[in-house]
Amino acid sequence: MNKQNIKSILTNARLRLVAATCLILAGLGLPTAELARGGGSPPGPFTMTFTIPASVCGFEVQETITGKLGVISLPGGGFLVTSPATTAVFTNLSDPTKSVTINGFTGPAIVTFDQNGNTVVRGLGRGAIDDPATPGFGIRFQDGDFTLVFDPNGNLLQDTGHGLVTNVCDLID
C-alpha cells in the first residue's frame, strides 16, 4: 500500500476524526521480524493542512502537520503508521492570534479492523485526535496508550487508555 492510498483511506474514512493526527502517536515496540514481514516504506516528508469544524471546539481550527510519514502493512491486515519528528500547529480561525505549536508527535498508530467491520486505532505515545461526532470530545493532545474503536459509519464506540490528556481547544480559546 503506498502513502497516497493510505492518505486517501484515512481522508475518506476520516472516522469523523482527523485520522491524520491520530497517526502521530509514539512508542511502539513490535519485533523487527514482524515489521519485516509486513512490508512498507521508510518515513518520507509529509505536510498536511486542514480545517477542524466548529462543532469540535466552538470555533473552526486550522491544523498544519509537518514531519515524516511511513506506512507498514501488518501481517493479518491493518497497518502501522509512523511519523517521526512531526509537529502540529493548531490555530483558532476566529482569532488567528491564538495558536499553539506542539512538537514531538513521533508516531506510531496501529490501525486494525475487527470482525464487525469496526476500525480500531491504538495510539502509543504523543499525538492529537478530535472527533466532531462526539460532543465534548474536543481536540485532545494525548501522551500515553489509548485505544479508540469506531463503527463503519465513524461513530466512536469505545475510548480507553491511560496517560496525559490536554484539551487543545482550551489552549487556543
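Me: Is Thr147 buried or exposed?
Reply: In this predicted model, Thr147 sits in strand β8. The relative accessible area of Thr147 is 17%. The cut-off for buried is under 20%. Therefore Thr147 counts as buried.

Me: Which residues is Thr147 in contact with, leaving aside neighbours within four places in sequence?
Reply: Thr147 belongs to β8. That strand pairs with β7 and is joined to β9. The contacts of Thr147 are Val120, Val121, Arg122, Gln158, Asp159 and Thr160.

Me: How many bridges pair β7 with β8?
Reply: β8 covers residues 139-150. The two strands pair in the antiparallel sense. Gly127 stands opposite Gln142 in β8. The bridge count between β7 and β8 is twelve.

Me: Which residue in β9 is the bridge partner of Phe150?
Reply: β9 spans residues 156-167 and runs antiparallel to β8, with eleven bridges joining them. The two strands form a hairpin with five residues between them. In β9, the partner of Phe150 is Leu156.

Me: Which residue in the turn between β6 and β7 has a positive phi?
Reply: β6, residues 109-113, pairs with β7 in the antiparallel sense over five bridges. Ile110 has Arg122 in β7 as its bridge partner. Five residues lie between the strands of this hairpin. With a phi of about 85°, the turn residue is Gly117.

Me: Why is strand β7 largely enclosed by the rest of the structure?
Reply: β7 runs over residues 119-130. It pairs with β6 and with β8.

Key
Residues are numbered from 1 along each chain as its sequence is written. This is a predicted model: local features need pLDDT of at least 70, side-chain atom pairs count only at pLDDT 80 or more; totals for chains, interfaces and linings use all residues. Side-chain values use heavy atoms; hydrogens and water are left out. Buried means under 20% relative accessible area, exposed over 50%, partly exposed in between (1.4 Å probe, protein chains only). Helices (H or I, at least four residues) and strands (E, at least two) are DSSP runs, numbered from the N terminus. Two strands pair if DSSP finds at least two bridges between them. Contact means heavy atoms within 4.5 Å.
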